Structures are given as C-alpha cells and as structure tokens.
Amino acid sequence: VNGAPHHAPAVGPAVADPAPAGRLRLLSGGLGCSVQDAGRRGLRHQGIAPAGWLDGPLAECANALLGNAPGSACIELRGPGLALQVDAGPVAVALAVLPVSAALAAVPAGSPGAGRPPRPAATLVRADGQRLPLSAFTSATLQPGDQLHCAEPAAGDAAYLAVSGGVQVPMQLGSRATHAGARLGGLDGRLLAAGDTLPCGRLAGPPVAERQAPPFSHGDGPVRVMPGPQAEAFTPEALACFFATDWQASHEQDRMGMRLRGPALAHVNAAAADILSDAVAVGSIQVPANGLPIVLLADGQTVGGYPKIATVISADLPRLAHARAGSTLRFATVDRARALAALAQARKGWLAWAATIAPCRPTGPPDEAALWQANLISGMIDAGCPDPPA
Amino acid sequence: VSPAPRLLALGDSAWTVEFGDAIVPALNARVMQLDARVRAGLAAGEPALAGVWDRVPTFRSLTVHFDPWATDADALGAQLLAWAGSAGASEAPGRHWRLPLCADHDFAPDLPAVAERHGLAPAAVLHQLLASRFRVYMIGFMPGFPYMGGWPAALATPRLASPRKRVPPHSVAVAGTMCGVYPWPSPGGWNILGRTPVTLFDPLHRTAPAWLAAGDQVDWQAVDRDGYERIQAELARRQRQREDFLATPEPG
C-alpha cells in the first residue's frame, strides 16, 4: 500500500503488493458505477468539477477495513448490481453500504423499499461454486476465479467497494476519480461496463484475518445549509417555505446533481430567476424559474445562471449520496461556526467508527477458519472478535 | 465610478467577491486583476491563502474555493476584499489566439437565419465574425467551454426557441453578444455559425486540458474544408500543438 494508513488499527489482511499485480474483471453491471477517489482540485477555472466520492467518509470506511491508505480509489456503486471476478490475486475486498435505517430520511411506509429486510451486501462465489453471503463492513479475500456479486443499491443511494491497494488506474490531473463529463480519470474517463479489467494490489500472502466493524452511519436530522449567496432573489415566503418543506428526492438525479420535488419557490420577480452566471459549489442549491431546487453534486458544472438560495455545508454533503428516490429531506440554516462544529463532529464520528474495526473469522470454507484459529493461537490478533457474518 | 466589491459566502468552503452585475470589459478586468493577485499569492505560498484549492473568475466575480478545515475563512475573506478594493481596471494582457474556423454550409446551420434576422447577406455576418476580437470572460457550462464577449450588439441574436438535442462538437456559436465553442457534443441553444478543427479541451494534457483561459483574446481565421481537415489531422498526429495557434509566443 502507499504508506501506512494513519486511521486504521494495525491488525488486518496481509498487506497488498504496491505493484498492481491484482486484476479484477467486471462480469456484469457497471451502469452508474465508477472509479472514484477524493477527487481533483485546482481545475475549476477550466470548467472541470472536482468529481470524486459522493460520500467520502463511507468510501474511507471500505478503505480502512482493508488497511488501504486513505484516499485509495474505490468503486462507487450506483445503479444495477455489479458482478466481478478476480483474474489475478489474491485480492481483498470490502463493501461499505449505509443501512436502510440510516438513509437521508425515512422512506414513508408504503413506498417501494420501505420495510425491506436487511440483506447481504454481496454474494461471494468461490471458484468451486460455493456461495457465501458477504455482509457490508466485512473484508473478504478472493482467490483467482472467485466472484463477487454485489447487491443493487437503492435508486439514489451510493455504496463503495474497496479493493486491496486501491483501484490502480492511472492518475490523471492528480486523481483517479472518474469525471465522465470531462472524460477524465477512471477507465478512459467513463463509467464502468461489463468486460472492463481493473488493476489493483495483490495480497502478499494468504489472508491473516478478515476485519469487520458495525455499520457506519452519518448523523440524522435536517440537511444543514448556509443561506445564499442569492437568498435575496426569493420572497420571504419562499425562504420560509424552503425551510418548512419536506422535499422529495426522485429518480431525477445523477452525479451532477439532484432535482427535488415540492412546492414551487417564488422569486422576487421574473427577472430574478436568472442571474449573470457566476461560480457554484458542490452543494449549491439553485432554483430556476420553475421554482424547484436543484442541488449540485460532485460532477456538477462550475458556473451557473440560476440564483442559489443556499449551500449545503461540508459536513452534510456526504449525506446527499443517500437521497433514495421517494425519501424526503428538510433543510435547516446554520452559520459558519456551526458548520465547522458539524464538520469536527463528523470527523470525530468517523474516527470512533474506525476504532471499532476488529479482526473476525473469514467468510469461507473450514481451512480458512482453521487458519484464523491458528492465528489466534499464535497471538497475532486479539480475541474478543465479533461473531462471523451470516 | 465602480461600486465597492461585495463578499458573499458560497457555503462554508468558498467566497465569492462580486464586482458588479454586467458584462463589461472594465469590470472583468478587475476580476482578472484580483485573480492574478490570488494566483501570485498561491505561487508564493502566502499564509492568508493556506487551504485555497480553486479559483474561478467569471464575468463579474472571483470565487475562491478552500478547505474549511485548513483555512481561516474570515481572515481569507477580509484579505480578498482588501485586494479587491485595490484592483484597478488595468490588467496584464491574456494570451492572444488565432483559431481556425470553417463556415461550410453543414458546419454553419444557423448562418442563414442569423443573416436574415439582421437583413444581411450570410457572407456579411461571417465577415463580422472574422473581424471581431473576442475576449474570454470565463470558462464553464461544460469543461473548456469559453464564454467570449465581442460579438457586435447590432448582431445580437437570441438563443434558438427550441434548443438542439445535440450540438456537434467544435461548433462555434453565438447568443446575445456572446460567442462560444462547444468542446463536446451537447444539447445547446446557441446559433451555430461555423466549426473549428481544434478541440479546445484535451483530457490528456498534463496540467491544462482547457486551451483557453479567462482573460485570453481570440481572433477567428477562415479556413476552407480542406484546411479544416488538414489541421484536424495534424492535431491528431500531434504534428501541430496548441501553442502553434498563439498569435504571440507565451510570455516567460
């Protein structure tokens, strides 16, 4: 791996070879899935968005479970389930999926997806045909010929698949993040497709132990925003309505942005619905003439000609990656001091989660379990390990 | 008389310094002066700019994006406002480009309608396009797309009533008094008057995929279809570089 991760406990799977000697092949799916990392900076003046993870903390959960360096590129899962096979390995994998109960807001009863029971995040299919459920927040080691079939995330939800050593596609302009609009990063600057081959790190030896943690979760409550910079383009009634409405997320969303459904917000006059284009940010909430908000996300454009009623604070941006279709969200206004306190709180929450990562029994046949026992006896990892998954 | 610049919070990780609300070269020059000051400060590692990771000059404002964790936002805002107050209208000239343009019938689908609207022959409209000096006010809308001023007010033309679903890449188009170039195939409503063989966005460039930058100047030079195809082929074979299209060599 590229340097020791500063956030992960010392125990873990065998360290991945820095050379990208591991190889994954996509068997199916990929529509909406992309290689992402923390994104690229310093290019907005060229019209290039940062791209990168929609939910960075969740992606870093997957990296931490593998002992990957922070910032290692993962696969962002959005859209149909992804199936892949290891062609060269062994390769370690871990999935980070937000529990349904921790989505942006509760899905109203009776909606599609409401009350859906928890299910395995993926199914591991060994080369000999053995099928094993793999939970989220649990690492697994795949040998050549093994397959991983990831469950399809709910519409409007993002999940992350980390691989040992990170996805080793070439860096472009300082990042591996796919920005399809600029044809940058990832594989040829595009979303993934069946048949693609992804290089990654290969484990130096057999797995020492797998690692597991309880599900990660962001805080709940309204999505916090700082007002403006064009709040004065709206009537006082529209501003009050913006904060009093349960806005509905829909399928009308992608990595560029999401449209919200609700009451139309009135501009002070017709001319106020258009501004002379100026810069926007990730989290800018634009309101065009139809009065319905559009929240800009990581791949959004860099300038825009609609007034911006508010801007989502940094701490709550990752939560927008889980605006499942049919779910609702509310906005609440905060000042800069509270925005920064929320960011500090979010970081503290992530570190507390990372401290719960513990070794566990591998998902797999008895010989791997025996190996795990042997490791316990040799004292390489401590006991007190949570129950094995499934 | 120029109004005092305004400092606007664009969330917890960006400031917008707004100089006004118009498309005017003198106002944009103040934006570019502030941008030059910020760039110089970043290059020199000035502490006030610690954590700044992006700057976006537009028609009438400069936005500075920063890491809320690593930046004293209030100090940065105060510094930007102080610099903005002293930003005059004299600016270091941007680069000067001479870019080829072909107005063959199928490359310029809106040329007849624009000509008819203003009671001119298509050749006269084309002549204006080639005679005008364009100023890049900002890059945006899509990666590498230049918003260029300089299209005569007498020829100002509204956007198409019904935007095209797919504008061919490299199309040169006008709307209002703006001229733009679509680096990518895209939906679009501007009036297409020609096509350039240059890409204006090269994803494989190591530092600057976008050819043009805010503050640059552009002249269009007519090429026929053969010239268009020859330049396109030479660019594809890397026999021609983007620097070959600069009217004057880059300073430094």
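Colleague: Which backbone oxygen does the side chain of A:Thr245 reach?
Modeller: Before I answer, please keep in mind that this is a predicted model. The side chain of A:Thr245 reaches the backbone oxygen of A:Cys241, and the distance between them is 2.6 Å.

Colleague: And where in chain A does A:Thr245 lie?
Modeller: You will find A:Thr245 in a loop of chain A, with helix 2 (236-244) on one side and strand 14 (247-253) on the other.

Colleague: Is A:Thr245 buried or exposed?
Modeller: A:Thr245 is buried, because its relative accessible area is 9%, and the cut-off for calling a residue buried is under 20%.

Colleague: Which residues is A:Thr245 in contact with, leaving aside neighbours within four places in sequence?
Modeller: With those neighbours set aside, A:Thr245 is in contact with A:Pro263, A:Leu329 and A:Arg330.

Colleague: New topic: how many residues does the largest nonpolar core have?
Modeller: The largest nonpolar core has 82 residues, and A:Leu198, A:Phe331 and A:Trp353 are the ones with the most contacts inside it. Helix 1 of chain A, residues 56-66, gives the most to this core, contributing seven residues. Apart from that core lies another one, of 30 residues, which includes B:Leu99, B:Trp151, B:Trp220 and B:Leu235.

Colleague: Why would nonpolar side chains be buried together?
Modeller: As a general point, that is how nonpolar side chains tend to be arranged in soluble globular proteins.

Colleague: Let's move to the two chains: how many residues of chain A are in contact with chain B?
Modeller: There are 41 residues of chain A in contact with 48 residues of chain B. Between them the two chains bury about 3,400 Å², and 60% of that is on carbon and sulfur atoms.

Colleague: Which side chains meet in a salt bridge there?
Modeller: The rule finds one salt bridge across the interface of chain A and chain B, and in it the side chain of B:Asp74 meets that of A:Arg336 at 4.0 Å, taken from N to O. Across this interface there are also 13 residue pairs in polar contact, counting pairs with both residues at pLDDT 80 or more.

Colleague: What gives the most to the side of chain A that touches chain B?
Modeller: Helix 3 of chain A does, with six residues. Sorted by class, that side of chain A has 19 nonpolar, 14 polar and eight charged residues.

Note on methods. Residues are numbered from 1 along each chain as its sequence is written. Chains are lettered from A and ligands numbered from 1 in the order in which they are written. This is a predicted model: local features need pLDDT of at least 70, side-chain atom pairs count only at pLDDT 80 or more; totals for chains, interfaces and linings use all residues. Side-chain values use heavy atoms; hydrogens and water are left out. Helices (H or I, at least four residues) and strands (E, at least two) are DSSP runs, numbered from the N terminus. Buried means under 20% relative accessible area, exposed over 50%, partly exposed in between (1.4 Å probe, protein chains only). A polar contact is a pair of N or O atoms within 3.5 Å; within protein, one must be able to donate a hydrogen and the other to accept it, and residues adjacent in sequence count only if both atoms are side-chain atoms. Contact means heavy atoms within 4.5 Å. A nonpolar core is a set of buried Ala, Val, Leu, Ile, Met, Phe, Trp, Tyr and Cys residues joined through side-chain atoms within 4.5 Å. Buried area is the accessible area (1.4 Å probe) that two parts lose on being put together, summed over both. Ala, Val, Leu, Ile, Met, Phe, Trp, Tyr, Cys and Pro count as nonpolar, Asp, Glu, Lys and Arg as charged, and the others, Gly among them, as polar.
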